Amino acid sequence: FLDRNRGAIRARAAGRPVYYSPSGGTSGRTMASAVPTLALENAEQRARLFDEVAREVRACGGDGRTTVNLFSAGRLYRSLEIVGELLERCGHSNLPLGARADDAEVFAAVERYGADGLAGMSSRLVALANA
């Protein structure tokens, strides 16, 4: 961990892009420790993973769907963007509503766009199920 962190900090100092990934779990609260990694390495790993996931989803007939994306964005969080990229690679239409959408907005988007899937933090999905 420390060697990787130092390498990313040196890369940033050398003018190479660094990807910051905050800690905080599903609480939605960014913790103080952001762990920098090399941006190119992160993007390459994500692309390989997404390609594998997309192959499996399409093999199961999971493409052609519309998914409301309720993940978070901002304050160093990029999950809305990253999950959106994964959804699109899987052949889904991504509706990036975000974590701050209230229940009425979510239900209206599902109705209006004919969404047949929700993606979000487990706590948010449970709250919607109980709404």
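**Packing, salt bridges and sheet of the predicted model**

Leaving out residues up to four places away in sequence, Ser 72 is in contact (heavy atoms within 4.5 Å) with Tyr 77, Arg 78, Ser 79, Leu 80 and Ala 99. Ser 72 belongs to the loop that runs between strand 3 (66–69) and helix 3 (79–89), helices (H or I, at least four residues) and strands (E, at least two) being DSSP runs numbered from the N terminus. With a relative accessibility of 15%, Ser 72 is classed as buried (under 20% relative accessible area, with exposed over 50% and partly exposed in between; 1.4 Å probe, protein chains only).

The model is predicted, so that local features need pLDDT of at least 70 and side-chain atom pairs count only at pLDDT 80 or more, whereas totals for chains, interfaces and linings use all residues. Residues are numbered from 1 along each chain as its sequence is written, and side-chain values use heavy atoms, without hydrogens or water. The protein chain has a mean pLDDT (the predictor's confidence in each residue, from 0 to 100) of 79, and 70% of its residues reach 70 or more. Among the elements of the chain, the lowest mean pLDDT, 58, belongs to helix 1 (residues 2–13), and the highest, 96, to helix 4.

Strand 3 and strand 5, which run parallel, are joined by three bridges, and Val 68 has Leu 118 of strand 5 as its bridge partner.

Beyond its neighbours within four places in sequence, Leu 128 is in contact with Leu 70, Asp 103, Val 106, Phe 107 and Leu 118.

Six salt bridges (a side-chain nitrogen of Lys or Arg within 4 Å of a carboxyl oxygen of Asp or Glu) are found in the whole structure. In one of them, Arg 65 and Asp 116 meet at an N to O distance of 3.6 Å; this pair links distant parts of the chain, 51 residues apart, with Arg 65 in the loop between helix 2 (39–59) and strand 3 and Asp 116 in the loop between helix 4 (103–113) and strand 5 (117–119). Arg 65, at 36% relative accessibility, is partly exposed, as is Asp 116 at 46%. Within helix 3, Glu 85 and Arg 89 lie four residues apart, about one turn of the helix, and form a salt bridge whose closest N and O atoms are 3.5 Å apart. Asp 103 and Arg 124 form another, with their closest N and O atoms 2.9 Å apart, and link helix 4 to helix 5 (residues 122–129) across 21 residues. Asp 103 is partly exposed at 28%, whereas Arg 124 is buried at 14%. Salt bridges with shared partners also join Arg 46, Asp 51, Glu 85 and Arg 89 into one network.

Key: Pairing = 2+ DSSP bridges.
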